[in-house]
Structure formats: structure tokens, C-alpha cells
Amino acid sequence: MKKALFIDRDGIVNKKIPHDYVKKIEEFSFQDEILPILQWGKSRDYLLILITNQQGIGKGIMSESDLQTIHQHMNSILLDKIGLCFDDIYFCPDLAESESFRRKPNPGMLLEAIEKWHINPQQSWMIGDSISDAKAGKISGTHTILVGNYSAEQVPEADFIIKDLQDVLSILEHTKGQ
């Protein structure tokens with residue numbers, strides 16, 4: 001079985017736009033700290049899988065075509081900068097109130113990827129910056145890293161809670177037996 005780094009997009013791969021959505025490539029800006037994390041994962045045979053809620057589509061603020069353009073742009077820059085890109089991308093356009101099984105905190109997108117790619121969730125990680133990321137990862141059986149100002153009491157689903165994305169690599173390197 002394979003292993004994967006499941007990675008949230010907004011706030012982890014790219015900078016979030018407060019109270020808005022990344023709707024076009026001009027608004028997409030990488031978090032520099034994600035590049036060594038992706039390189040580390042690929043060099044250790046992890047699949048790199050993007051898992052992202054994109055309710056801007058459900059709200060009619062952007063289209064699936066807009067999102068595909070952004071993701072193609074993202075992967076193109078990754079190929080140019082570090083010679084790799086995401087192995088797969090899962091997104092959920094559903095609104096939060098839909099309670100869709102695919103929308104984080106539900107595990108649908110992760111479970112789809114686990115089945116498609118024959119991934120062992122116990123050897124995999126979900127990396128995100130929202131409580132819903134940690135919950136989805138835990139429900140699907142992965143280890144979870146939550147980036148942000150949270151406490152263990154707030155998010156018992158998170159195996160690790162860190163303030164800065166740059167600390168993710170240290171956790172991955174020191175827990176590689178998991």
C-alpha cells in the first residue's frame with residue numbers, strides 16, 4: 001500500500017485571502033514554507049494529494065473552470081520551481097450547510113483518494129489549518145497536523161498543533177516511523 005500527504009490548499013499551499021476566495025491565478029500566492037514539505041514528501045515516496053473545500057463554486061463566485069485554471073497554474077509553478085506537482089487534486093464545491101459527505105470535516109474526499117490510490121491511512125498525514133482538516137484526517141484514519149492558534153482542548157482530533165507552517169517538516173522528520 002502507498003502513503004500520502006493529504007494537504008489543504010488555502011492557508012497551507014497558498015496564502016488565504018481574508019473573507020474572500022482565490023478566484024483567479026493573479027490572486028494565488030504560494031506559502032514559501034510548503035515547497036520543502038512537498039519535496040520532503042516526494043523524496044520519501046509519499047503521494048501528494050490536495051484536499052480542498054471550494055464553496056466559492058457553490059456560491060456562484062467562481063466556476064469549476066476557474067478552479068481548474070488555478071490548479072493548473074499551481075502545478076505548473078511547482079514543476080518549474082521544484083520539479084514536482086500534486087499527484088491528485090480533490091475539491092468539494094458544496095456549501096457548508098449542505099453537510100456533504102465529501103466536504104471537510106467529513107472524510108469523503110480523503111476516502112475517495114485512499115481507495116483510488118490504495119493508500120494506507122495509518123502511514124499518511126492530513127496537513128491543514130482548520131479544525132475541519134483535522135477532523136477529516138482523523139475520521140479517515142490519518143495522522144493530523146493542524147497549523148494555527150489552536151489548543152488541544154479545542155481540537156482533540158489533531159495529533160500535532162503548531163503555530164507555523166515551517167514546523168511541519170520537523171514533525172514529519174521526527175515521526176517518520178508512523
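Predicted model: local features only at pLDDT ≥ 70, side-chain atom pairs only at ≥ 80, totals over all residues.
Me: Is His118 buried or exposed?

Reply: Buried means under 20% relative accessible area, exposed means over 50%, and partly exposed lies in between (1.4 Å probe, protein chains only). His118 has a relative accessible area of 52%, and it therefore counts as exposed.

Me: Where does Glu99 lie?

Reply: Glu99 has a positive phi of about 55° although it is not a glycine. Its relative accessible area is 67%, so Glu99 is exposed. The place of this residue is in the loop between E3 and H4.

Me: What omega does the peptide bond from Lys104 to Pro105 have?

Reply: Pro105 has its place in the loop between strand E3 (88-92) and helix H4 (108-117). The peptide bond that leads from Lys104 to Pro105 is cis, with omega near 25°.

Me: Which residues of H4 are buried?

Reply: The cover over the buried residues of H4 includes E1, E2, E3, E4 and helix H5 (131-139). In H4, the buried residues are Gly108, Met109, Leu110, Ala113, Ile114 and Trp117.

Me: With which residues is Asp88 in contact, leaving aside its neighbours within four places in sequence?

Reply: Asp88 lies in strand E3, and its relative accessibility is 13%, so it counts as buried. Contact here means heavy atoms within 4.5 Å. Once the neighbours within four places in sequence are left aside, Asp88 is in contact with Leu48, Ile49, Leu50, Lys116 and Trp117.

Me: What is the length of the polar contact that joins the side chains of Asp88 and Lys116?

Reply: A polar contact is a pair of N or O atoms within 3.5 Å; within protein, one must be able to donate a hydrogen and the other to accept it, and residues adjacent in sequence count only if both atoms are side-chain atoms. Between the side chains of Asp88 and Lys116, the polar contact is 2.8 Å.

Me: Which elements do the buried residues of H1 pack against?

Reply: Helix H1 covers residues 34-43, and its buried residues are Ile34, Leu35, Ile37, Leu38, Trp40 and Gly41. Just after H1, Asp45 takes a positive phi of about 65°. The buried residues of H1 pack against strand E1 (3-7), strand E2 (46-53), helix H3 (64-82), E4 and H6.

Me: What distance separates the C-alpha atoms of Asp164 and Ile12?

Reply: Asp164 is placed in the loop between E6 and H6, and with a relative accessible area of 40% it is partly exposed. Asp164 and Ile12 are 152 residues apart along the chain, and their C-alpha atoms are separated by 9.9 Å.

Me: How far apart in space are Asp167 and Gln123, C-alpha to C-alpha?

Reply: Asp167 is found in the loop between strand E6 (160-162) and helix H6 (168-174), and with a relative accessible area of 32% it is partly exposed. Asp167 and Gln123 are 44 residues apart in sequence, and from C-alpha to C-alpha the separation in space is 19 Å.

Me: What radius of gyration does the chain have?

Reply: The chain has 6 helices and 6 strands, and 50% of its 178 residues count as buried. The radius of gyration is taken over C-alpha atoms, and the globule rule is 2.2 Å times the number of residues to the power 0.38. For 178 residues, a compact globule would have a radius of gyration near 16 Å, and in agreement with this the chain has 15 Å.

Methods. Residues numbered from 1 in each chain as written. Heavy atoms only, no water. Helix = DSSP H or I, 4+ residues; strand = E, 2+ residues; numbered from the N terminus.
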